[in-house]
Structure formats: structure tokens, C-alpha cells
Amino acid sequence: MCSSDLRSARLLHRRDFMRVRESGRRVTAGTVVVNWLEPASCPPGTGALLGVITTKALGGAVIRNLARRRMREAFRRLRSSMATPSWVVLIARQSMRDADAARVEADIAAGLRKARLLSVG
């Protein structure tokens with residue numbers, strides 16, 4: 001999957017982030033908080049969409065950008081294994097500052113499994 005595929009599969013508008021945060025569910029997994037909107041609540045015709053949140057409390061711009069890139073890359077790798085297409089918002093936690101890319105991907109996978117969004121296997 002090329003980067004343009006993921007770019008078009010992103011949540012970009014505040015109203016969409018708010019919809020996931022207010023109407024969706026959430027689970028914490030290590031370095032991330034996974035928020036998701038149940039597939040039945042997603043507008044028809046939309047596949048798996050990703051939104052990423054990094055706050056200034058995480059660190060400076062370089063740290064926040066690195067966290068966003070790692071979360072997007074992890075989601076890109078896991079997206080094809082999703083059981084049902086859902087809207088997902090990932091929020092970086094303070095512990096992501098010291099985590100490597102492998103740990104971030106493992107935590108996102110664990111969160112998606114807890115949410116029952118990832119196919120077993």
C-alpha cells in the first residue's frame with residue numbers, strides 16, 4: 001500500500017475526530033489510547049479511517065512529528081488485518097516519547113485486538 005492510500009484514508013476534520021471521541025469507544029494500550037467508532041456508526045462507503053492526536057505535553061515539534069509518523073506507519077501495516085473497517089483515532093501517551101517504532105506498533109496492535117478490530121492470526 002503506498003502512502004497516498006493511507007493519506008486518503010485519514011480523518012482530517014475536527015467534527016470527525018469529535019464524533020469518534022464522543023460517540024465511540026476507547027481502550028488504553030501502552031503508549032497509545034485507541035478510540036474507535038463502531039462500524040455500524042460509520043457513514044456508508046467509508047473504509048478504515050485513521051486520525052492521530054499528539055499534544056504539546058508529549059514534547060516539542062520534532063517529538064510530536066516522530067510520534068505521528070510512527071503511529072501512521074504502524075496503522076498502515078496493520079490496516080489490512082482489520083476485521084471490520086472502522087474510524088480509529090490514536091492518541092499518543094507520554095510513554096511514547098521513549099518508545100521505539102516496534103513497541104508503538106505492538107501497542108497499537110494490542111489496542112486494536114482489545115477493541116476486536118484486528119483479525120486474529
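Mentor: Start with Arg76: its relative accessibility is 24%, so Arg76 counts as partly exposed. Keep in mind that this is a predicted model.

Trainee: Which side chain meets Arg76 in a salt bridge?

Mentor: Glu73 does, at 2.6 Å from N to O. Glu73 is partly exposed too, because its relative accessibility is 29%.

Trainee: How are Glu73 and Arg76 placed in helix H3?

Mentor: They are three residues apart, so about one helical turn separates them.

Trainee: How many salt bridges does the structure hold?

Mentor: Four. Another one joins Arg77 and Glu105, with the closest N and O atoms 3.8 Å apart.

Trainee: Why does the Arg77 and Glu105 pair tie together parts that are 28 residues apart in sequence?

Mentor: Because Arg77 sits in helix H3 and Glu105 in helix H4. Glu105 has 22% relative accessibility, so Glu105 counts as partly exposed.

Trainee: Which residues are linked in a network of salt bridges?

Mentor: Glu73, Arg76, Arg77 and Glu105.

Trainee: And Asp107? Which side chain does Asp107 meet in a salt bridge?

Mentor: Arg103, at 3.6 Å from N to O. Both are in helix H4, four residues apart, so again about one helical turn lies between them.

Trainee: Is Asp107 buried or exposed?

Mentor: Buried, because its relative accessible area is 12% and the cut-off for buried is under 20%. Arg103 is partly exposed at 39%.

Trainee: What else reaches Arg103? I mean its backbone nitrogen.

Mentor: The side chain of Asp100, at 3.0 Å. Asp100 is in the loop between E4 and H4. Its relative accessible area is 46%, so Asp100 is partly exposed.

Trainee: How far apart are the C-alpha atoms of Asp100 and Arg70?

Mentor: 8.6 Å, although the two residues are 30 apart along the chain.

Trainee: New topic, the sheet. What is the strand order?

Mentor: E1-E2-E4-E3, in an open sheet of four strands with mixed pairing. The edge strands are E1 (25-29) and E3 (49-53), each pairing on one side only. The twist averages 20° from one strand to the next.

Trainee: Which helix packs on the sheet?

Mentor: Helix H4, residues 101-114. H4 touches E1, E2 (32-37) and E4, and its direction makes about 140° with that of E1.

Trainee: Do E1 and E2 run parallel or antiparallel?

Mentor: Antiparallel, joined by five bridges. Val27 stands opposite Val34 in E2. E1 and E2 form a hairpin with two residues between them, and Gly30 in the turn has a positive phi of about 60°.

Trainee: How about E3 and E4, parallel or antiparallel?

Mentor: Parallel, with five bridges joining E3 to E4 (residues 87-92). Val52 has Leu90 in E4 as its bridge partner.

Trainee: Last bit, the inside. Which residues touch the most other members of the largest nonpolar core?

Mentor: Val34, Met71, Val88, Met96, Ile108 and Leu112, out of 26 residues. E2, E3, H3 (61-78), E4 and H4 each give two or more residues to this core. The largest share is five residues, from H3.

Trainee: What does Ile108 touch, not counting residues up to four places away?

Mentor: Val32, Met71, Ala74, Leu78 and Leu90. Apart from that core lies another, of 11 residues, including Val20, Leu37, Ile53 and Ile91.

Notes:
Residues numbered from 1 in each chain as written. Predicted model: local features only at pLDDT ≥ 70, side-chain atom pairs only at ≥ 80, totals over all residues. Heavy atoms only, no water. Pairing = 2+ DSSP bridges. Axes fitted to C-alpha atoms, helices over the stretch in contact; angles between N-to-C directions. Contact = heavy atoms within 4.5 Å. Core = buried A, V, L, I, M, F, W, Y, C linked by side-chain atoms within 4.5 Å. Buried < 20%, exposed > 50% of the residue type's maximum accessible area, 1.4 Å probe, protein only. Polar contact = N/O pair within 3.5 Å; in protein donor to acceptor, adjacent residues only side chain to side chain.
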